[in-house]
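Thanks for coming, everyone. Let me put the structure up on the screen, and then I'll walk you through a few spots in it.

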Amino acid sequence: MATDLSVILPRVLIVSRRTLRKNKFVDFVGEYHLDLIVGYGAVPVIVPRVTGVHRLLESFEPIHGVLLCEGEDIDPSLYEAEHSGLSPEEFEEIRRLHASDTAIDKEKDSIELGLAKLCLERNIPYLGICRGSQVLNVACGGTLYQDIGKELPKKRPECERVVHIDYENYDGHRHVVKVVANTPLHHWFQESLDQKKMEILVNSYHHQGVKVLAQRFVPMAFAPDGLIEGFYDPDAYNPEEGKFIMGLQFHPERMRRPDSDEFDYPGCPSAYQEFAKAVIAYQKKLNCSTALPPKPLKLDQEMENRRKIIVRSFSIAKDIYTTGRGMNPSKESELEAGAEFLESNTVLSLQQENRLKQMGATVRNGSSYFQRLKMNEERDRAAKTLMRKMSVEQLSELMSFYHMMGQICSEVLDKKLHGIVNDVGSC
């Protein structure tokens with residue numbers, strides 16, 4: 001089984017949604033999302049909506065991409081919901097109309113906001129569909145309409161009102177959006193757009209949406225009622241370089257012809273395709289920055305013996321340098337191997353060369369180093385021999401003489417240094 005990171009497919013984290021089935025919770029992810037991720041060359045890794053998982057996100061590393069999709073309403077306390085202007089009666093009606101969506105899931109909020117912020121911090125590719133786009137906006141400081149059916153019609157004429165959710169026709173429901181020119185969405189759907197109207201029909205299933213778009217994002221599409229249906233970060237969009245931060249309020253994965261897997265438009269799967277492209281590129285970048293260390297070079301027996309001799313030579317030289325002790329004549333032949341290596345080596349960096357010199361692995365010419373060591377030892381021996389023959393009085397006078405000479409040298413040196421400072425100060 002291969003263990004090289006370069007042959008492992010990139011991992012895309014997808015958080016599951018929880019539902020009640022036979023009095024037990026069941027976690028699920030829509031199959032369209034999974035099919036598209038696999039089809040474009042990545043592996044979906046499902047993050048279960050289980051209590052405490054938001055504290056275990058590091059366990060899902062490496063993370064090469066994050067896709068967030070369906071789910072309940074985001075906890076209003078996470079954004080500026082107090083300015084909605086809705087009455088208690090209106091909130092009660094919203095909960096009655098959208099009972100399956102208004103049950104707040106704080107654990108899912110914690111998991112998904114944690115992943116969104118991780119992507120923003122590390123520039124990990126992120127694609128948010130429906131709720132996933134809202135999570136991205138809230139993570140960056142944006143706000144949401146708590147109910148677009150209640151809040152937007154107050155600001156729009158009847159002709160501009162849009163039905164964003166149809167519980168009786170989930171897959172078949174469509175409404176118009178106007179695509180913004182020169183955005184990724186425009187490029188993906190270009191061949192299907194009337195260049196004057198710039199409109200396509202999209203599938204949507206939501207009762208909330210972006211109210212104030214976070215500053216870093218640029219809109220890519222609007223519904224006739226003014227709701228933002230898609231946005232992206234232009235500074236974090238370059239799929240070939242592993243950059244992709246985007247949110248789509250509508251569902252391109254569900255925009256298919258009745259009883260068929262054929263998409264409404266050729267551009268429908270492009271968001272997933274470009275997202276997967278960015279995920280693959282991001283994985284390559286990550287692998288390059290965290291590449292496994294090269295396997296150690298295996299030497300044949302002769303080379304290994306030679307290596308050990310040279311290492312031994314450097315070790316002896318280092319010992320001489322650090323201890324200050326003289327060289328043992330029996331070690332001279334062992335030191336010569338290191339000297340010869342330094343003589344012939346022409347590929348050492350300056351840092352390596354300086355380090356070897358500091359260690360006392362000597363100079364380029366090892367033999368001259370040995371000669372200097374011998375001369376110093378001979379001088380020491382000659383001086384000691386002479387002093388052993390001197391009387392105590394003679395040795396005392398010699399010490400006094402050198403002490404006096406040291407004082408004189410110190411005074412002269414101080415004067416010279418003082419003169420240099422004065423000269424510099426007068427310049």
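**A walk from the inside**

Let's start with isoleucine 129, which counts as buried at 0% relative accessibility. Buried, by the way, is under 20% relative accessible area, exposed is over 50%, and partly exposed is in between, using a 1.4 Å probe and protein chains only.

Quick housekeeping: this is a predicted model, where local features need pLDDT of at least 70, side-chain atom pairs count only at pLDDT 80 or more, and totals for chains, interfaces and linings use all residues. Residues are numbered from 1 along each chain as its sequence is written, and side-chain values use heavy atoms, with hydrogens and water left out.

Now the overall picture. The protein chain has twelve helices and 13 strands; these are DSSP runs numbered from the N terminus, with helices being H or I of at least four residues and strands being E of at least two. Of its 427 residues, 42% count as buried. And if you take the contacts in the chain with a separation of 6 or more, 71% are between residues 24 or more positions apart. Contact here means heavy atoms within 4.5 Å.

Back to isoleucine 129, which sits in strand 6. Leucine 68 is 61 residues away from isoleucine 129 in sequence, but in space the two are 6.2 Å apart, C-alpha to C-alpha. Not counting residues up to four places away in sequence, isoleucine 129 touches several others, including His33, Phe250 and Tyr272.

That His33 takes us to helix 1. Which residues of helix 1 are buried? In this helix, residues 31–39, they are His33, Leu36 and Ile37. They cover an arc of only 100° around the axis, so they end up on the same side of helix 1; the arc is that of the directions from the helix axis to the C-beta atoms. As a reminder, an α-helix has 3.6 residues a turn, so residues three or four places apart point the same way. On the other side of helix 1, Glu31 and Gly39 are exposed. The buried residues pack against strands 1, 4, 5 and 6, and also against helix 7. After helix 1 comes glycine 41, with a positive phi near 100°.

Next stop, helix 4. Nine of its nine residues are buried, so helix 4 is largely enclosed by the rest of the structure. Glycine 141 follows helix 4, and its phi is also positive, near 100°.

What does helix 4 pack against? Helix 3 (residues 106–122) and helix 4 (residues 131–139) pack at an angle of about 65°, with axes 9 Å apart. Axes are lines fitted to C-alpha atoms, for helices over the stretch in contact, and angles run from 0 to 180 degrees between N-to-C directions. Among the residues that meet there are Lys108 and Glu112 in helix 3, and Arg131 and Val135 in helix 4.

Let's zoom in on arginine 131, in helix 4. Is it buried or exposed? Arginine 131 is buried, with a relative accessible area of 3%. Its side chain makes a polar contact with the side chain of glutamate 112, at 2.8 Å. A polar contact is a pair of N or O atoms within 3.5 Å; within protein, one must be able to donate a hydrogen and the other to accept it, and residues adjacent in sequence count only if both atoms are side-chain atoms.

Last one: lysine 108, in helix 3. Lysine 108 is buried too, at 0% relative accessible area. Leaving aside neighbours within four places in sequence, its contacts include Arg49, Glu72 and Arg131.
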